[in-house]
Amino acid sequence: MKQIISNYRYWVLFALASVMIIGLIAVPNTDVSLSIFTAKLFVSKGVAFAAFLAFCHYYMKWKDEGSISELTDLEEE
């Protein structure tokens, strides 16, 4: 467990996953015009998608390097 806490890669993946979740569930204020509401909605979903792509990139990179072996062991079970 100490290896997981002290490995910065897990913190990076956790932060990206948090941004994804917040971006997906975020809904802008409805007291603005439709165009601003739509723009904010698409920006929040775009941020979530960008975080998803970054998460996948780093996960695959670190999985291939063997840097996150505890997480990949869980995946294989």
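Colleague: In which helix is Ile4 found, and how should I read such an assignment?

Modeller: Helices are DSSP runs of H or I with at least four residues, strands are runs of E with at least two, and both are numbered from the N terminus. In this predicted model, Ile4 is found in helix α1, which covers residues 2-6. The model is a predicted one, so local features need pLDDT of at least 70 and side-chain atom pairs count only at pLDDT 80 or more, while totals for chains, interfaces and linings use all residues. Residues are numbered from 1 along each chain as its sequence is written, and side-chain values use heavy atoms, with hydrogens and water left out.

Colleague: Is Ile4 buried, exposed or partly exposed, and why?

Modeller: Buried means under 20% relative accessible area, exposed means over 50%, and partly exposed lies in between, with a 1.4 Å probe and protein chains only. Ile4 counts as partly exposed because its relative accessibility is 32%.

Colleague: How many helices and strands does the protein chain have, and what pattern does it follow along the sequence?

Modeller: The protein chain has four helices and zero strands, and reading along the sequence gives α-α-α-α.

Colleague: What does the radius of gyration say about the protein chain?

Modeller: The radius of gyration is taken over C-alpha atoms, and the globule rule used for reference is 2.2 Å times the number of residues to the power 0.38. For the protein chain the value is 16 Å, whereas a compact globule of 77 residues would have one near 11 Å. Along the principal axes, the C-alpha atoms fill a box of roughly 50 × 20 × 20 Å.

Colleague: What share of the residues is buried, and what share of the contacts with a separation of 6 or more joins residues 24 or more positions apart?

Modeller: Buried residues make up 22% of the 77 residues in the protein chain, and among contacts with a separation of 6 or more, residues 24 or more positions apart account for 58%.

Colleague: Where is the place of Ile68, and which residues does Ile68 touch beyond four places in sequence?

Modeller: Ile68 lies in the loop between α3 and α4, and Ile68 counts as buried because its relative accessible area is 0%. Not counting residues up to four places away, Ile68 touches Arg9, Tyr10, Leu13, Tyr59, Trp62 and Lys63.

Colleague: Where does Ser67 lie, and what joins the side chains of Ser67 and Glu65?

Modeller: A polar contact is a pair of N or O atoms within 3.5 Å; within protein, one must be able to donate a hydrogen and the other to accept it, and residues adjacent in sequence count only if both atoms are side-chain atoms. Ser67 lies in the loop between α3 (34-65) and α4, and a polar contact of 3.3 Å joins its side chain to that of Glu65. Ser67 counts as buried because its relative accessibility is 19%. Beyond four places in sequence, Ser67 touches Asn7, Arg9 and Trp62.

Colleague: Which backbone oxygen does the side chain of Thr72 reach?

Modeller: The side chain of Thr72 reaches the backbone oxygen of Ser69 at 3.0 Å. Thr72 is found in helix α4, residues 69-76, and counts as buried because its relative accessibility is 11%. Leaving out residues up to four places away in sequence, Thr72 touches Tyr59 and Lys63.

Colleague: Is Ile25 buried or exposed, and how far apart are the C-alpha atoms of Ile25 and Lys63?

Modeller: Ile25, found in helix α2 (residues 8-25), counts as exposed because its relative accessibility is 63%. The C-alpha atoms of Ile25 and Lys63 are separated by 28 Å, with the two residues 38 residues apart along the chain.

Conventions. Contact means heavy atoms within 4.5 Å.
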